[in-house]
Amino acid sequence: MKNKLFIIIIVSLFLNGCVGVSSSGIFGTGVSVAIDPRSLGTQIDDSLMQKNLSARILIENKNYLLKVKSKVLDGRVFLTGKVDEPEEKLKLTKIAWETEGVRSVRNDIKIKEEFNLKQSTKDLLITSQLRTAMILNKNIKATNYQIDTYKKKIYIYGIALTDEEKNLVISEAKEILDVEDVIASILLVDNLRIQKN
């Protein structure tokens, strides 16, 4: 009985240090830990992922400490903020995807550069062509992927069910006209730490 009480107190102290009584961020006021729908294990996993991701972002560039905010909920990463170049946004998305245990990444980071209509239209066309090719290919689960294109370079992030699916996605991207490079951060579902039931 004393051991259980001791463990509960230690876990409570740990959670107060990691999660706090309430959290705030991109979702506003926050949620009390007592009514958080996530299990205690998921909350701890999310907290550890959050610390890991924040450290990796800070190592990448100390200026991101003030420019970029991240939040992890149930293995899903949410990024917000502003950066100077599109490459920075893509690099941050890659860092988020490479964090152990991540299930999805939503990158809402804004870019401060001037808008180039011709380049943006070409990149949008390339993204649309790849998305359509993936939807039409019955061996690819297109909803598991996020596609970003910048200056004719395709960045693909997602989760593949098999190695064959991963290779198909990369192959489809390379077949699109005018594509200069394909940068893929595709995880295999078997390698995920947190798997959807």
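This is a predicted model: local features need pLDDT of at least 70, side-chain atom pairs count only at pLDDT 80 or more; totals for chains, interfaces and linings use all residues.
**Legends to the close-up views**

Figure 1. The chain has 197 residues, of which 36% count as buried.

**Figure 2. Secondary structure along the chain.** The chain contains 6 helices and 6 strands. Read from the N terminus, the order of these elements is α-α-α-β-β-α-β-α-β-β-α-β.

**Figure 3. The open sheet formed by E1, E2 and E3.** Three strands, in the order E1-E2-E3, make up an open sheet with mixed pairing. Strand E1 (68-73) and strand E3 (104-111) each have a single partner strand and stand at the edges, so one side of each lacks a neighbour in the sheet. From one strand to the next, the twist averages 10°.

**Figure 4. Pairing of E2 with E3.** Strand E2 (residues 76-83) pairs with E3 in the parallel sense, over 8 bridges. Lys82 is placed opposite Lys110, a residue of E3.

**Figure 5. Helix H2 on the sheet.** Helix H2 (residues 40-60) packs on the sheet and touches E1 and E2. The direction of H2 makes about 155° with that of E1.

**Figure 6. Helix H4 across the strands.** Helix H4 (residues 86-97) lies across E1, E2 and E3. Relative to E3, helix H4 runs at about 160°.

Conventions:
Residues are numbered from 1 along each chain as its sequence is written. Side-chain values use heavy atoms; hydrogens and water are left out. Helices (H or I, at least four residues) and strands (E, at least two) are DSSP runs, numbered from the N terminus. Buried means under 20% relative accessible area, exposed over 50%, partly exposed in between (1.4 Å probe, protein chains only). Two strands pair if DSSP finds at least two bridges between them. Axes are lines fitted to C-alpha atoms, for helices over the stretch in contact, and angles run from 0 to 180 degrees between N-to-C directions. Contact means heavy atoms within 4.5 Å.
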